[in-house]
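Below are my notes on this entry, as numbered points. Please read them with the structure open.

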Amino acid sequence: MELLTALALTGALTGLGPSAGPSTPAEELARRLEQHHRAASDLTARFVQTYRSGLIGREVVERGVVSIKQPGRMRWEYREPEKKTFVSDGKTFYFYVPADRQVIVRDQAGDRGVPALLLSGQGNLLEQFEVGLETPPPGLARLRLVPRKPDPEIQKVFVDVDDAARIRAIHVFDAQGNLSRFDFADIRENVGLKDRLFRFEIPRGVEVVSG
């Protein structure tokens, strides 16, 4: 994909709030993972992003390191197979592909891709999604999220959660049958990431494009 899925999969994630009543196991899990990630001042992890086209069955696999720091800052460093950098300083998105000598700049304006929304613990999952449980991989729980408000970019999301309420994988399905999956490893929290990591200086001589 030409743009990071974490940015492309933004949309109308807000909607009607959940109905009142006793909490279900899925709702309790949603609250636990949200509280856990909201409480972390920062985190870093290795990631593998797999994009599979539902139309032609083509699969693209990319690897790198993600860093997130409250409030609203993130950095995705793609290292394989092509180097790419995606940075948000909390106000502006920057997407830089050195081989293209181009930087795409976009006002953040509150938009957040699904992986970043979940990893940062921002928002309110129970207001934004109908939640349920799916059969999980061994040693994990799997939460199903379906947008309360119809969204052409997001049909459903599966979130794999470990016993510590950390997110280990995110699967985003859209209405066209495409799947974007993020798997996380070597997760470290509250490591004291420096603010300068989330500042992007546009390299000299590159084209700047407004997204």
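1. A charge sits over a ring if NZ of Lys or CZ of Arg is within 6 Å of the ring centre and within 35 degrees of the ring normal. In this predicted model, the charged end of Lys 156 meets that description over the ring of Phe 173, at 5.0 Å from the centre. Lys 84 lies over the face of Tyr 78, with 4.8 Å to the ring centre.

2. Confidence. The average pLDDT of the protein chain is 85, and 86% of the residues score at least 70. Residues 1-20 are the stretch to treat with care: pLDDT stays under 50 there, although the model has 54 contacts beyond four places in sequence for them. Where pLDDT is low, the predicted coordinates should not be read in detail.

3. Overall make-up. The protein chain has four helices and 12 strands. Of its 211 residues, 47% count as buried. The accessible surface comes to about 10,700 Å², and carbon and sulfur atoms account for 48% of that. Taking contacts between residues at least 6 apart in sequence, 52% join residues at least 24 apart.

4. Nonpolar cores. The largest core has 38 residues, and those with the most contacts inside it are Trp 76, Leu 118, Val 157, Val 159 and Phe 184. Helix H3, residues 114-120, gives the most to this core, with five residues. Another core lies apart from it and has seven residues, among them Tyr 94, Val 103, Val 105 and Phe 200.

5. Aromatic rings. Nine aromatic pairs are found in a search of the whole structure. Phe 47, Trp 76, Tyr 78, Phe 182 and Phe 184 are linked by ring pairs into a cluster. Two members of the cluster, Trp 76 and Phe 184, are also listed among the residues with the most contacts inside the largest core. Tyr 78, also in the cluster, is the ring under Lys 84.

6. Backbone exceptions. Most residues other than glycine have a negative phi, and most peptide bonds are trans. The bond from Gln 70 to Pro 71 is cis, with omega near -5°; Pro 71 lies in the loop between strand S2 (59-69) and strand S3 (73-80). Glu 80 and Pro 81 are also joined by a cis peptide bond, with omega about -5°, and Pro 81 is in the loop between S3 and strand S4 (84-88).

7. Positive phi. Ala 165, in the loop between strand S9 (156-161) and strand S10 (167-173), has a phi near 70°. Ala 165 counts as buried because its relative accessibility is 3%.

8. Thr 50 is in strand S1 (residues 42-52) and counts as buried because its relative accessibility is 17%, below the 20% cut-off. Beyond four places in sequence, Thr 50 is in contact with Glu 59, Val 60, Val 61, Leu 179, Ser 180 and Arg 181. Val 131 is in strand S7 (residues 129-134). Its contacts beyond four places in sequence include Ala 26, Glu 27, Ala 30 and Leu 143. The C-alpha atoms of Val 131 and Pro 147, 16 residues apart along the chain, are separated by 8.9 Å.

Technical notes
Residues are numbered from 1 along each chain as its sequence is written. This is a predicted model: local features need pLDDT of at least 70, side-chain atom pairs count only at pLDDT 80 or more; totals for chains, interfaces and linings use all residues. Side-chain values use heavy atoms; hydrogens and water are left out. Helices (H or I, at least four residues) and strands (E, at least two) are DSSP runs, numbered from the N terminus. Buried means under 20% relative accessible area, exposed over 50%, partly exposed in between (1.4 Å probe, protein chains only). Contact means heavy atoms within 4.5 Å. Accessible areas come from the Shrake-Rupley method with a 1.4 Å probe; for residues, only the protein chains shown count as cover. A nonpolar core is a set of buried Ala, Val, Leu, Ile, Met, Phe, Trp, Tyr and Cys residues joined through side-chain atoms within 4.5 Å. Rings of Phe, Tyr and Trp (its six-membered ring) pair if their centres lie within 6.5 Å; planes under 30 degrees apart count as stacked, over 60 as edge-to-face and the rest as tilted. pLDDT is the predictor's confidence in each residue, from 0 to 100.
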